[in-house]
Amino acid sequence: MSRKALFIAAKDLSIRVRDRRAAVVLLVMPMVLIFILGLVFNPLWRGTAEIQRIPVVVVDQDQGEIARLLVEQVLGTGAIGRMLRVDHTGQPAAARDMVMRGRRAAGLVIPRGFSQAVMTGRPARLTLFTDPAQSIRAGIIHSIVNRFGAEVVKRQVAITVAAETLIIERIMVPSRVGAAIPGWLKDVEQFTGRQAVAIAEERGSGPRFPAAIDYYAVGMGVMYLLFGVSMASQSILVERREGTLARLRTTPTESADIVGGKLLATFLTGLAQFSLLVLFTRIFYGVQWGSPLLLIMMIGATALAAAGLGTFLAALARTPEVVESLAPAIILPMSFLGGAMFPIYVMPPWLEHVSRLTFNRWAMDGFLAIMAGAETPAAIWQPLLALFAMSLVFLTVGTWRLRFR
Amino acid sequence: MDALVVVLNLVKHYAGHAAVRGVSFEVRGGEAFGLLGPNGAGKTTTIGMLACLLEPTSGDALIAGASTRRDPMAVRRAIGVVPQEIALYPTLTARENLRFWARMYEVADGEAGRRIEEVLDIVGLRDRAGERIDTYSGGMKRRINIAVGLLHRPKLLMLDEPTVGVDPQSRTNILETVKQLNREGLTVLYTSHYMEEVEFLCDRIAIMDLGQIIAMGTHEELRLQVGERDLISIATHAARIGTVLPASLRALPGVDDVRMREDRLEVLTTTGRRLLPQIVTQFVTHDVPILAIEVREPNLESLFLHLTGKGLRD
Ligand SMILES: Nc1ncnc2c1ncn2[C@@H]1O[C@H](COP(=O)(O)OP(=O)(O)O)[C@@H](O)[C@H]1O
Ligand SMILES: [Mg+2]
């Protein structure tokens, strides 16, 4: 990128900084909306609200006592039960698919003969699928299942010892011992019942779900970022109409510098807009955005993809007015599908599926993961990759179209 | 004569419709050349091709030796373009606009400040240069629009109808400014649909209509094409005219006819006002008083009417 592109970008930015109307639309409006939505929908986010629960799919091929214990007593009751939303499917492959598509945070497969193995003291095996994009939530499931495993071993040892004693002392015949084991297990469970609760409390704070206002800071932030870049990329059409673009082309300036400069300005506008929103929501609403380093990476990737989308929009339209009316028609439905209003957590599976086609969803996933405590780039690699892919496609198509006009 | 601009049979079609159909002309270094024609004649399209904005359908133009097709960057460095519309950033100040355009014209950083003040002086807006363009009057915007085209000291300044929509005072100011620049040696290519402007400014004029040049030459040459003659009308006392004065006037070289009209003598000539001293001398010699003199020359308006059968402005 040459010096001239930088000059063009600097000129665009100094024009934009003076645009009061744009500042109001792009900064004040989302702040107001975040506040209102946060206030209105806050109850939804409180306590045991469905949307906070971690979706887990269980495949119970065992259907035995221990499996029931795991599903009903451990995963289904108490503090853990309130934290999860458990549903069932018949096939491990289906469960795996749901997790890999990000529709469940984890999938647990209890294989045939699991209970039998546990009760007869043979090695037993559980399979857990986890979604790397939801690593924090998946980690919680993982530790619950692990903990369960440890508890099972304890009981296994206790019951094996008891059963062997009874059989060796000839107090019970082995077949009666087998039949009695489920009853004993219940007794053991009642005795150690509090353990399940203890597991959850051991996790400390448990998962940190964004409060309503945090969620909408992300949702509206991403949505208004799109409005911001669509407004910014409109400026190339304004320049075309006002004749300054033609004048630029009568100066010894390469068209790559012109397009590059405009694009850079659009990107920087988005970057500044989102950063300011992060700052404002932090100061005024106490929103905790999470790791600053990851946040910077996400803001960069999001602003770039948004700039691409804006450029693409500008390339489709002939006049700034067309963009102005086209932008909401594209941005609003995409934002709603992507979870800007209707939280991703409560979407029915099909909608959740569709939402992954939107820019907003990927951006929101990344920011929400950081909010939930992600600390390494590995935790947001999927959103980052998706956003970079979008940038590449939209920028290529957009600049190609712009340069040919 | 060394030509700074050589236009070779430029043609521009828009979706089958021909906006410019084979325009050729030359502009010499230091000359002021005018393109005169009504709206839609193809002036802006021609300027657009010279400014490397529009790809010609066919033909080419050489500016300062560089081809608009093969070496557009060299052409762009040699020219200053003042577009028909005000191509400025309204929310930036005049000085900020000039700073930006100086960078686009690759004026060296060290020199830019000085050049900006220079062009502000040329258009007489130095004391208002810190104000935003959108607070300017139409005439002031036009003047900054021109200033931009001068920043890099171009060899050729192209102005496309730079006085459209300005008040008479600003218009005079703009014309004087361009005239002065031309006097100082800048080559000017000026388009307008006002014949007074090109008559005032330009050494040579091409008259355009429907995408073609229909007449070209100096003011004088064009006037001759009309075939109409100048009319010099001298008001006097009818009783004092007699017969000797008309006869001796008729005998002057270049005089075609002399007519009596009540209290006036009308001299028809092809040489125009250059004949005035001799006419006055004849009146003095024959002791006939001159009350008033009026010279009516056929103008480009009448030439255009003559060539196309329609007026320059509809
Ligand atoms: N971009 C364009 N597309 C189609 N037709 C055009 C375009 N620009 C100009 N024209 C047509 O070309 C002709 C010449 O226009 P123009 O060069 O602007 O004339 P002038 O500057 O002399 O008024 C007009 O008929 C005009 O309608
Ligand atoms: Mg024009």
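**Reading a ligand site**

Reply: Let us begin with a single contact in this predicted model. An oxygen atom of ligand 1 lies 2.7 Å from a polar backbone atom of Gly40(B).

Me: Which side chains have a polar atom beside an oxygen atom of ligand 1?

Reply: A pair of N or O atoms counts as a polar contact within 3.5 Å. For His17(B), a polar side-chain atom is 3.4 Å from an oxygen atom of ligand 1. For Thr44(B), the corresponding distance is 2.6 Å. The protein covers 61% of the 560 Å² of accessible area that ligand 1 has on its own.

Me: Which residues coordinate the magnesium ion?

Reply: A donor to this metal is an N, O or S atom within 2.8 Å. Here Thr44(B) coordinates the ion through OG1 and Gln84(B) through OE1, at 1.9 to 2.5 Å. The two residues are 40 residues apart: Thr44(B) belongs to helix 1 (residues 43-50), whereas Gln84(B) sits in the loop between strand 6 (79-82) and helix 3 (94-104) of chain B.

Me: How should I classify the exposure of Thr44(B) and Gln84(B)?

Reply: Values under 20% are called buried and those over 50% exposed, with partly exposed in between. Thr44(B), at 38%, is therefore partly exposed. Gln84(B), at 28%, is likewise partly exposed.

Key
Residues numbered from 1 in each chain as written. Chains lettered and ligands numbered in written order. Predicted model: local features only at pLDDT ≥ 70, side-chain atom pairs only at ≥ 80, totals over all residues. Heavy atoms only, no water. Donors = N, O, S within 2.8 Å, 3.2 Å for Na, K, Ca; no water. Helix = DSSP H or I, 4+ residues; strand = E, 2+ residues; numbered from the N terminus. Buried < 20%, exposed > 50% of the residue type's maximum accessible area, 1.4 Å probe, protein only. Polar contact = N/O pair within 3.5 Å; in protein donor to acceptor, adjacent residues only side chain to side chain. Areas by Shrake-Rupley, 256 points an atom, 1.4 Å probe, with all protein chains shown as cover.
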